[in-house]
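Hello,

Here is the structure for you to look through. My notes on what was found in it come after it.

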Amino acid sequence: MMPEPNLKPPLCSEHRIPMAWGETDFTFDEGDVLVVVRHIPGWVCPYGDDTAFAPGVADEVIRTTRELVKVAKHARETQPQFPKQEYLVRVVA
Ligand SMILES: [Zn+2]
């Protein structure tokens, strides 16, 4: 896992306690296309209600999400006979 940046951990907006370095998921719902990016390094509240990304990570997640939405839309256009499609892409560290 990505090492914790040498920064003060952000506080949870709800509990006002420092969040812990760990992993979180990001879900992007564009109506007919749903993209889930899992295992993103970041700070998470121990109660699970808040997350914060390290500098640069959010940009990278958004870039990845845009690419995956493009792939899904392209696949749907080229294979309309399969209206329901689901992909799992795993990068092993
Ligand atoms: Zn919290």
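**The strands and their pairing**

Strand S1 and strand S2 (residues 34-44) are paired in the antiparallel sense, with nine bridges between them. (Two strands count as paired if DSSP finds at least two bridges between them.) Helices (H or I, at least four residues) and strands (E, at least two) are DSSP runs, numbered from the N terminus.

Before going further, two points on the source. This is a predicted model, in which local features need pLDDT of at least 70 and side-chain atom pairs count only at pLDDT 80 or more, while totals for chains, interfaces and linings use all residues. Residues are numbered from 1 along each chain as its sequence is written.

Taken together, the three strands give an open sheet in the order S1-S2-S3, with antiparallel pairing. Strand S1 (20-29) and strand S3 (51-52) are at the edges with a single partner strand each, so one side of each has no neighbour in the sheet. As background, strands of a sheet pair through backbone hydrogen bonds, either parallel or antiparallel.

**The helix and the overall form**

The secondary structure amounts to one helix and three strands, and the order from the N terminus is β-β-β-α. The radius of gyration is 16 Å, well over the 12 Å that the globule rule gives for 93 residues, so the protein is more spread out than a compact globule. (That radius is taken over C-alpha atoms, and the rule is 2.2 Å times the number of residues to the power 0.38.) The C-alpha trace spans about 50 × 25 × 20 Å along its principal axes.

Helix H1 (residues 57-78) lies across S1 and S2 and runs at about 170° to S2. Axes are lines fitted to C-alpha atoms, for helices over the stretch in contact, and angles run from 0 to 180 degrees between N-to-C directions.

Alanine 72 is in helix H1. Apart from neighbours within four places in sequence, alanine 72 is in contact with Val33 and Gln85, where contact means that C-beta atoms, placed from the backbone, lie within 7 Å. Alanine 72 and valine 33 are 39 residues apart along the chain, and their C-alpha atoms are separated by 7.2 Å. Among contacts between residues at least 6 apart in sequence, 46% join residues at least 24 apart.

Buried residues make up 6% of the 93 residues. A residue is buried if 20 or more other C-beta atoms lie within 10 Å of its own, exposed if 12 or fewer, and partly exposed in between, with C-beta atoms placed from the backbone. Alanine 72 is partly exposed, with 18 other C-beta atoms within 10 Å.

Arginine 16, in the segment before S1, has a positive phi near 55° and is not a glycine. Arginine 16 is exposed, with 7 other C-beta atoms within 10 Å. Histidine 39, in strand S2, also is not a glycine and has a positive phi of about 60°. Histidine 39 counts as partly exposed, with 13 C-beta neighbours inside 10 Å.

Regards

Technical notes: Two residues are in contact if their C-beta atoms, placed from the backbone, lie within 7 Å.
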